There are 2 protein chains.
Amino acid sequence: MSSERLIYLPLGGAGEIGMNAYVYGYGKPGKERLILVDLGVAFPDMDSSPGVDLIFADISWLRERADRLEAVFVTHAHEDHVGAVALCYEALGAPVYARAFTANIARAKMEERGQSPDVVRTVSAWPEQVEAGPFTVGFLPVSHSIPESAGLVIDTPAGRVVHSGDFKLDPDPVVGEPFDPDLWAEVGKPGVKALVCDSTNVFSSHPGRSESEVGPEITKLVANATGMVVATTFASNVARVKTLAEAGHRAGRSVVLLGRAMRRMIEAATETGILDGFPRVISAEEAADMPRERLMLIVTGSQGERRAASAQLARGKYRGLEVKEGDLFLFSSKTIPGNERGVIRVINQFSEKGVDVVDDSSGLYHVSGHANRPDLERVHALIDPQMVIPMHGEHRHLREHAKLAEAGGRASIVAVNGMMLDLTGKAPTVVDYIESGRTYLDGTVKIGALDGIVRDRIRMALNGHVTVTVILDEEDEPLGEPWCDTIGLPEIGSSRAALVDILEEDLNQFLMRAEAKTLRDDDKIEEALRRIVRQTSQNEIGKKPEVTVVVSRMR
Amino acid sequence: MSSERLIYLPLGGAGEIGMNAYVYGYGKPGKERLILVDLGVAFPDMDSSPGVDLIFADISWLRERADRLEAVFVTHAHEDHVGAVALCYEALGAPVYARAFTANIARAKMEERGQSPDVVRTVSAWPEQVEAGPFTVGFLPVSHSIPESAGLVIDTPAGRVVHSGDFKLDPDPVVGEPFDPDLWAEVGKPGVKALVCDSTNVFSSHPGRSESEVGPEITKLVANATGMVVATTFASNVARVKTLAEAGHRAGRSVVLLGRAMRRMIEAATETGILDGFPRVISAEEAADMPRERLMLIVTGSQGERRAASAQLARGKYRGLEVKEGDLFLFSSKTIPGNERGVIRVINQFSEKGVDVVDDSSGLYHVSGHANRPDLERVHALIDPQMVIPMHGEHRHLREHAKLAEAGGRASIVAVNGMMLDLTGKAPTVVDYIESGRTYLDGTVKIGALDGIVRDRIRMALNGHVTVTVILDEEDEPLGEPWCDTIGLPEIGSSRAALVDILEEDLNQFLMRAEAKTLRDDDKIEEALRRIVRQTSQNEIGKKPEVTVVVSRMR
């Protein structure tokens with residue numbers, strides 16, 4: 001009789017879309033040998049994480065158990081799956097396994113962060129398998145919006161787990177392997193304990209559309225264009241980039257790739273042999289000498305990112321190229337929720353230059369990379385697992401996906417980041433709650449999302465900042481008057497006098513009258529001066545600023 | 001022969017959706033008598049305006065010509081049309097005209113800002129007219145998503161202008177007057193020089209749907225609900241609030257209105273006699289004692305606003321009421337671009353509590369308040385103006401609307417904020433560019449968007465802040481060591497020592513070696529110390545913070 005168990009613990013990606021990180025373990029409780037599936041990033045925003053560079057899962061739990069970690073498996077090369085592998089390698093120290101294209105991207109990230117690329121090992125597709133302690137893991141090709149995405153077939157002493165990765169059911173994905181129902185059925189045949197499954201599109205009720213459907217529409221659009229054509233999509237969507245390039249080529253246009261990520265992805269796809277027949281590409285310099293109606297630019301910046309090629313073209317020149325009245329700009333992409341403002345800004349800037357902008361609102365020029373609701377039902381049936389564990393989704397997606405699975409007669413559960421499940425039995429059970437959270441890469445330092453550092457920055461953004469300087473002599477008496485500096489506050493308030501003058505006067509009056517025991521105590525002075533600054537500012541300008549009080553003593 | 005002219009000058013709302021403010025003038029160039037149509041606000045966001053309370057058009061141009069301003073006309077009571085009337089009244093001093101419901105809301109705003117409500121004068125609908133210098137202005141009832149919206153019929157010596165306001169063509173708007181094509185045709189009959197026209201929905205290609213269409217769907221949804229039903233919409237959409245309340249009432253539920261704005265709007269509609277037959281409303285306290293399946297809450301917060309009733313219910317209790325598993329939450333509203341993150345946060349919080357959330361993605365539970373593309377074409381034809389001036393839209397909307405008008409054989413032009421048009425001739429001509437922009441209400445102070453105050457706050461949010469204090473003695477020699485305080489920065493950097501210690505050491509080394517002429521010069525010291533802080537921080541933590549240097553001298 002064995003007391004060993006199979007556990008599942010999402011550290012990121014379950015209860016959000018982004019920063020995926022899923023732990024599996026097998027062994028005696030507390031002694032399980034572990035593997036990690038994916039280690040991705042999420043992106044900061046001004047609302048909650050101003051100044052932050054990248055966000056990834058808090059891996060403290062895993063770091064403390066690094067000696068039990070056998071390996072890291074990366075399903076595909078999207079940033080929310082591979083983006084933190086290099087950032088966290090030092091803390092984890094386990095080998096990283098991926099298919100060739102993903103490994104190519106992961107190795108470049110390792111080098112960027114000063115790590116050895118050799119720890120990333122290339123694995124061929126199923127039926128090749130990797131041994132990792134009690135786990136045997138194979139990479140099952142799935143179609144998605146990036147080449148060589150993989151589901152993982154994870155064999156354990158407690159049975160087989162299929163971890164879907166991000167996927168869609170595409171019979172004709174343009175680049176890479178089509179969805180192969182026979183292969184999925186074969187994987188399911190020996191019996192599957194758990195399907196841990198992408199939930200992104202569970203609210204989309206129609207079957208997903210094939211990548212191949214957008215080609216004819218894009219070709220038609222480009223063929224009818226009269227000026228320069230500029231198109232954007234996710235750089236990693238190599239199939240789409242190829243479709244766009246071919247549409248340009250067919251219309252007798254020379255193709256230019258703009259943006260570092262765009263060139264990097266095509267390079268990786270070419271190096272790993274998954275991209276052939278890509279039309280010849282010319283440089284921006286060559287393009288500058290050509291008539292604009294003979295050009296097709298494919299550019300980064302589908303989400304309106306300020307520094308990307310699309311936004312730079314919208315504002316002015318990019319590498320010597322410039323849009324003009326009568327040009328066409330195509331968003332062959334959807335806007336990720338939260339990025340609307342940036343995208344709309346770019347559209348309006350193009351509008352000001354007389355450029356016609358076409359977006360995906362017609363549904364003609366973009367398809368999603370994720371399985372829709374009927375596709376999920378089909379996969380549940382094909383794999384036929386005992387239980388379905390929804391992942392890769394916000395809470396609403398996980399909940400809906402769990403309902404869908406239960407409606408199909410399978411055990412399911414909504415497991416969010418930090419919930420440890422035991423999958424050994426017939427149905428998943430919660431066995432522990434781990435402290436999970438977010439780590440910020442802030443400049444070059446890793447900080448906790450709840451450390452208060454970013455909260456302080458948000459407060460300064462909302463309230464402004466006042467520095468108060470006070471000097472006290474050897475007898476703890478004020479030496480001269482207190483001094484105020486403000487940042488981010490109006491100069492003049494309701495008194496029609498300079499805010500700093502009013503503040504300094506109020507602070508001085510307080511210090512003149514303060515008792516000796518207050519003046520001897522730095523904490524008391526600080527607290528009193530802070531309170532006065534906040535109260536006076538409230539009266540003068542209707543805001544309570546953040547305050548730094550510096551007390552200098554001559555003794 | 002006359003050299004007088006009719007001018008149009010948008011100060012806000014043309015090139016954006018929000019903070020509407022349109023000036024019309026008639027007279028000799030530079031001496032035109034003026035009227036202002038609408039004076040609304042836009043709302044701040046963390047990306048561009050953290051800590052700001054409200055945004056409205058920079059009215060400097062108008063303020064300098066306040067002696068020529070005859071009146072302000074407000075088309076309807078949405079915040080982006082009426083929100084800044086009270087804020088700017090002191091600067092303009094002209095009487096404010098509006099229909100009864102709008103006037104009721106405007107008067108409350110005047111009182112809130114300590115102004116007399118009496119300057120707001122109530123006008124009946126067309127054919128009543130107001131004389132304002134060379135202008136004669138009538139309020140033409142139009143259907144929209146708020147009661148008593150009006151287009152303005154502006155008669156001038158140069159001809160008639162129709163200023164559409166925000167409108168849709170609704171034959172059955174539930175509350176208020178239906179669209180009356182005969183009335184519009186009658187207004188157009190004498191000949192109309194210019195139609196200045198709402199452009200919001202120019203990209204929506206199907207005819208707009210009636211407010212009355214959502215009633216049966218909402219009734220069905222509520223009738224089938226088993227737990228408590230909570231619904232949100234814009235508080236000002238009185239027709240929708242009535243529809244929701246009636247759906248609850250029909251299902252045998254008691255209706256509760258939650259949120260100050262919700263109660264205020266129903267009160268205004270009742271006071272002005274435009275709302276009758278509204279079901280009896282009970283208080284939150286009464287509701288707390290009732291079985292939840294007998295309750296229908298109608299709440300503020302359709303845009304996910306953190307402090308609104310919906311967000312508070314999503315987080316926990318609101319006025320003693322609480323959602324539970326099996327309850328239903330309905331967004332009878334659309335998410336305004338930019339508010340997606342807040343709305344999604346609320347949806348996921350409800351999901352965590354087991355509440356089923358229904359949004360407008362089905363199209364069943366919400367209709368827009370603006371005229372779609374075919375509706376715009378219909379109005380162009382009904383009014384049959386010489387020229388169409390698109391307003392109330394981002395650049396892309398104005399451009400598309402101008403194209404539409406030109407395709408219909410009418411003169412048009414894309415006129416954005418600050419462009420002064422002469423409408424006297426057969427087609428609009430640009431006669432001047434006025435400096436336009438945004439004013440922020442920041443706490444209680446009005447500041448310019450480009451004053452640098454908010455920019456400094458954004459920089460602190462991105463980069464953090466360091467205060468450096470240095471004391472110099474009578475001989476300009478450092479007295480003790482420099483002192484650093486940080487806010488919003490990590491404590492430990494790459495040296496594995498406290499960041500402030502490293503900073504203080506570097507600053508001290510500089511001061512020990514600094515030449516006397518540097519130490520005598522505050523500006524030189526400040527510049528040098530700031531540079532050192534930024535460089536050392538870059539090395540230690542990969543960020544260059546904002547720096548305040550305080551130099552105190554004993555002399």
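Visitor: How many residue pairs are in polar contact across the interface of chain A and chain B?

Guide: This is a predicted model, in which local features need pLDDT of at least 70, side-chain atom pairs count only at pLDDT 80 or more, and totals for chains, interfaces and linings use all residues. Residues are numbered from 1 along each chain as its sequence is written, chains are lettered from A and ligands numbered from 1 in the order in which they are written, and side-chain values use heavy atoms, with hydrogens and water left out. A polar contact is a pair of N or O atoms within 3.5 Å, where within protein one must be able to donate a hydrogen and the other to accept it, and residues adjacent in sequence count only if both atoms are side-chain atoms. Across the interface of chain A and chain B, with both residues at pLDDT 80 or more, the rule finds 36 residue pairs.

Visitor: Which element gives the most residues to the side of chain A that touches chain B?

Guide: Helices (H or I, at least four residues) and strands (E, at least two) are DSSP runs, numbered from the N terminus. Among the elements of chain A that give two or more residues to this side are α11 (340-352), α14 (453-463) and α17 (522-541). With eight residues, the element that gives the most is α14(A).

Visitor: How much area do chain A and chain B bury between them?

Guide: Buried area is the accessible area (1.4 Å probe) that two parts lose on being put together, summed over both. Contact means heavy atoms within 4.5 Å, and in that sense 57 residues of chain A touch 57 residues of chain B. Of the area buried between chain A and chain B, 61% is on carbon and sulfur atoms, and the total is about 5000 Å².

Visitor: Which residue of chain B meets Asp47(A) in a salt bridge?

Guide: A salt bridge is a side-chain nitrogen of Lys or Arg within 4 Å of a carboxyl oxygen of Asp or Glu, and the count between chain A and chain B is ten. For Asp47(A), the N to O distance is 3.1 Å, and the partner is Arg341(B).

Visitor: How many residues apart in sequence are the parts that Arg99(A) and Glu177(A) tie together?

Guide: The side chains of Arg99(A) and Glu177(A) meet in a salt bridge of 2.5 Å, N to O. Arg99(A) lies in the loop between β8 (96-98) and α4 (100-112) of chain A, and Glu177(A) in the loop between β13 (159-163) and α5 (181-188) of chain A, so the parts tied together are apart in sequence by 78 residues.

Visitor: Which residue is joined to Pro127(A) by a cis peptide bond?

Guide: Most peptide bonds are trans. Pro127(A) is placed in the loop between β9 (120-122) and β10 (129-132) of chain A. In its cis bond omega is about 20°, and the residue joined to Pro127(A) is Trp126(A).
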